[in-house]
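Dear colleague,

I am handing over the structure below, followed by some notes on what was found in it. Please read them alongside the coordinates.

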Amino acid sequence: MRAWRTGIGFAIGLAAGCAYYAWNRHKVMEEVSPELRHPALYLPMHLLPDGGFVAISKLLANYDYIRAVERDVDVRVIHGEFEGQKFSARLLAPRNLKPGAPALLWTHGGGHLIGSPGFYDPQNSRIADELGAVVLAPSYRKSTAAPFPADHDACYAALRWLQEHAEEAGVDKQRIAVAGDSAGGGLAAGVVQRALDEDHPVVFQGLVYPMIDHRTLRAQSGRGEFIWTPNSNRGAWSKYLGADHLEEEIAPYASPAIRADLRGLPPTWIGVGSLDLFYDEAKAHADALQEAGVSVDFQIYEGAYHGFDHIRPNARASRALVDDLIAALRRTLEAL
């Protein structure tokens, strides 16, 4: 009888705890745009220890998730090398590609821990089709196996290969852009900075809710409650740069927001949700770029959290995010 009563008490306590958690999360959910609400936002990502997501990511790091293309484009995997750095990448191009086409290097997100270029085939096929462009999306090793600069070097090698093999790829070397989301946005920014420093500049950078500042430790103004939280961010940066990275000098291109001299960087588009943990660092970077004389288009998606376009891909805000990126890229390319 005592064991039965104990079991009943435990069940009641558990139910009460779950009800309270759901009620509390529901209150937080009120800040989210109704079209972007989803059961996944109830996941307790904010309760994980700093290394929690890092540990989980090891199970997913090598998972190559490929989604179906949205447009009728050619897709192939290439294996290249530039100055001893090998890389592999997905290359998407219109079937009727015209010589001298523009090109985009797309660097995928995932906290430097997970993700794959094939996951972005729907978006990248659309970019290739609508802009008549070649899209090159490199793979890279994750930080649990190879921390910085492994992924940066692979992505930079892909860019340099594209520049040096432009004619072979049907691309205009003078119309190459770089873009990426989340950690891929940070990679994109670092690659663009290095390309400028080494006299191989690109014409545009598109940063989708970019992870660009290792100093973001806590959420500001209620941001960072969903999907990518401060604890996951701290754990990811520690795995990427080392546990003592806040006390050490950071290598160039690893945390692009700390770069002092932003002059000469190309026109930049930045898009971020108002509830995203990265809102503040994205806004600060946009302001710094503008102060350096760089043309910046900064777009805010109200009531949107990190990765909202993947959680609710058919929502108006999600479609607008891709529409806005393509429009900004089109404006830059047409002005050349």
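UniProt positions are given in the numbering used here, with feature names shortened, and the annotations may be inferred rather than shown by experiment. This is a predicted model, in which local features need pLDDT of at least 70 and side-chain atom pairs count only at pLDDT 80 or more, whereas totals for chains, interfaces and linings use all residues. Residues are numbered from 1 along each chain as its sequence is written, and side-chain values use heavy atoms, with hydrogens and water left out.

The unreviewed UniProt entry lists S182 under "active site". S182 sits in the loop that joins β5 (171-181) to α6 (183-197), where helices (H or I, at least four residues) and strands (E, at least two) are DSSP runs numbered from the N terminus. S182 counts as buried because its relative accessibility is 7%; buried means under 20% relative accessible area, exposed over 50%, and partly exposed in between (1.4 Å probe, protein chains only). Leaving aside neighbours within four places in sequence, S182 has contacts (heavy atoms within 4.5 Å) with G109, V208, Y209, P210, M211, F278 and H306.

H245, in the loop between α7 (230-241) and β7 (268-273), is likewise a buried residue, at 4% relative accessibility. With neighbours within four places in sequence again set aside, H245 is in contact with H214, W237, S238 and I250.

Y63, by contrast, counts as exposed, since its relative accessibility is 52%, and Y63 belongs to the loop between α2 (52-57) and β1 (73-82).
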